[in-house]
Amino acid sequence: MNALELLKQQHEEVAKLFKKYEKLADHDDEQRQELFEQIADRLGAHAKIEELYFYPALKKEDTEDELREAVEEHLVVKRLIADLLSMEADEEEFDAKMKVLQENVEHHVEEEEKDLFKSARKLLSKEQLEDLGIQMEEEFDSLMDGEPRMDVPEETDRAAPI
């Protein structure tokens, strides 16, 4: 699977989890907590592979501003996840913070798929996208063997370097 297909698939998986979360009744705290953890794990691992592999592969003079914005958006998402990790699903602010997380992720995905994916198609060959996709998928799967959400609080001081 090439890198763009992999990232798009991961974006869609997280969107489906957010939709599931939206449909849960307020009283199902255990299931809401579980869905948050699934979302946070996927977002934590996804951000890591983008920052380690995808963004560096796109780093050129004319993409630096887009990449800086993308890592700043990751930082916002990581801070929201870190806040949510310190909360319980039955707390009043939990759902509001989840909604803000969802909105930030949707905004980031929209820009990334529109702008950065276009840059990737221009800058990288199909073979490079395939190789990158394999590397990113292996790293993602490895991260998902653990609880990548637990690494997120350590990553909230500043945006990842590009």
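Start by selecting Glu37, Asp41, Glu147 and Arg149: these residues are linked in a network of salt bridges. A salt bridge here is a side-chain nitrogen of Lys or Arg within 4 Å of a carboxyl oxygen of Asp or Glu. By this rule the count comes to 16 salt bridges.

A word on what is on your screen: this is a predicted model, in which local features need pLDDT of at least 70, side-chain atom pairs count only at pLDDT 80 or more, and totals for chains, interfaces and linings use all residues. Residues are numbered from 1 along each chain as its sequence is written, and side-chain values use heavy atoms, with hydrogens and water left out.

**Next stop: Asp65 and Arg68**

Select Asp65 and Arg68, and you will find their side chains joined by a salt bridge (4.0 Å, N to O). Both sit in helix α3 (residues 64-85), and because they are 3 residues apart there, about one helical turn separates them. Helices are DSSP runs (H or I, at least four residues), numbered from the N terminus. Is Asp65 buried or exposed? At 62% relative accessibility, Asp65 counts as exposed, while Arg68 is partly exposed at 43%. The words follow relative accessible area: buried means under 20%, exposed over 50%, and partly exposed in between (1.4 Å probe, protein chains only).

**Then: Glu155 and Lys78**

Now pick Glu155 and Lys78, another salt-bridged pair, at 3.3 Å from N to O. This pair links distant parts of the chain: Lys78 belongs to helix α3 and Glu155 to the segment after α5 (126-144), 77 residues apart.

**On to Asp83 and Lys97**

Select Asp83 and Lys97, whose closest N and O atoms are 3.1 Å apart in a salt bridge. Asp83 lies in helix α3 and Lys97 in helix α4 (residues 92-123), so the bridge ties together parts that are 14 residues apart in sequence. Asp83 is partly exposed, at 33% relative accessible area, and Lys97 is partly exposed too, at 22%.

**Last stop: His11**

Finish at His11, which you will find in helix α1 (residues 3-23). His11 is buried, with a relative accessible area of 8%. Which residues does His11 touch, not counting residues up to four places away in sequence? Select His46, Glu50, Val109, Glu112, Glu113 and Phe117 to see them. Contact means heavy atoms within 4.5 Å.

Key:
Helices (H or I, at least four residues) and strands (E, at least two) are DSSP runs, numbered from the N terminus.
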